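Here is a short briefing on one protein model. Look at the structure first, then work through the points below.

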Amino acid sequence: MNYFMLDKKGDLNNQDLCLVEDPPKGIGLRRFMMAKGKPAKPFYPAEPKVFLREENPGLKLSSLLGNTLSYLMVSSEMKKVIEELCVGSEIEYLPIDLYDHRERLYSKDYFIINPLGAIDCLDEAASGISYGEEGSVIDIKQYVLDAAKLKQAPSLFRIDKQPGELVVDERFAQAVKERGFTNVLLRPLTVSTPRQ
């Protein structure tokens with residue numbers, strides 16, 4: 001099975017595309033929860049308005065809304081595929097109402113996808129992980145997945161050593177290609193095989 005890192009920023013070189021830089025209005029200090037796999041539903045605003053900024057005038061919608069918040073923001077069509085591929089996984093599907101910079105409703109077709117928790121999936125030696133004195137991860141030289149740790153992995157998951165990063169499998173990548181989803185950038189990851 002092949003795996004890929006999912007880029008949540010999208011294509012930053014295409015200035016026609018929408019770029020989201022602010023969280024849903026009303027989420028406050030809990031804005032980080034949807035980026036790190038923490039349960040956000042109890043604190044999620046009833047009217048989750050997301051406003052585009054005037055300094056980024058791109059208004060072209062895509063399957064994945066690029067953003068600087070480390071959120072996975074996708075269209076309802078892409079959300080359906082994630083639901084199909086990730087049956088049984090703990091994931092929050094949080095709707096957003098997208099507004100343009102003049103505060104006019106632009107789309108109600110998008111969701112923040114928040115896979116809860118994270119998986120111990122890295123080959124620590126091959127990834128070159130450095131730890132601080134208190135045990136926190138200081139640096140990861142490169143992301144190398146450990147094949148032995150991926151046997152029960154879903155199609156979309158977070159890396160436990162870096163929960164802001166999302167990994168998808170080849171079934172997800174194939175669905176993106178077949179459905180023609182736009183602004184979805186995937187970077188192949190190395191998978192180490194068990195040593196004999």
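Where does asparagine 183 lie? Asparagine 183 is in the loop between H4 and strand S13 (185-188). Keep in mind that this model is predicted.

**Two residues with positive phi**

- Asparagine 183 has a phi near 65°, a positive value in a residue other than glycine.
- Asparagine 183 is buried, because its relative accessible area of 12% falls under the 20% cut-off.
- Glutamate 103 also has a phi near 65°, again positive in a residue other than glycine.
- The loop between S6 and S7 holds glutamate 103.
- Glutamate 103 is exposed, because its relative accessible area of 57% is over the 50% cut-off.

**The sheet**

- Four strands form an open sheet in the order S3-S6-S7-S5, and their pairing is mixed.
- Strand S3 (49-51) and S5 stand at the edges with a single partner strand each, so one side of each has no neighbour in the sheet.
- From one strand to the next, the twist averages 45°.
- S5 pairs with S7 in the antiparallel sense, over four bridges.
- Serine 75 stands opposite tyrosine 110 in S7.

**Helix H2**

- H2 lies across S5, S6 and S7.
- H2 runs at about 110° to S5.
- In H2 (residues 76-85), the buried residues include Ser76, Met78, Lys79, Val81 and Ile82.
- The cover over the buried residues of H2 includes strands S5 (72-75), S6 (91-99), S7 (105-115) and S11 (156-159).
- Helix H4 (170-179) is also part of that cover.

Note on methods. Residues are numbered from 1 along each chain as its sequence is written. This is a predicted model: local features need pLDDT of at least 70, side-chain atom pairs count only at pLDDT 80 or more; totals for chains, interfaces and linings use all residues. Side-chain values use heavy atoms; hydrogens and water are left out. Buried means under 20% relative accessible area, exposed over 50%, partly exposed in between (1.4 Å probe, protein chains only). Helices (H or I, at least four residues) and strands (E, at least two) are DSSP runs, numbered from the N terminus. Contact means heavy atoms within 4.5 Å. Two strands pair if DSSP finds at least two bridges between them. Axes are lines fitted to C-alpha atoms, for helices over the stretch in contact, and angles run from 0 to 180 degrees between N-to-C directions.
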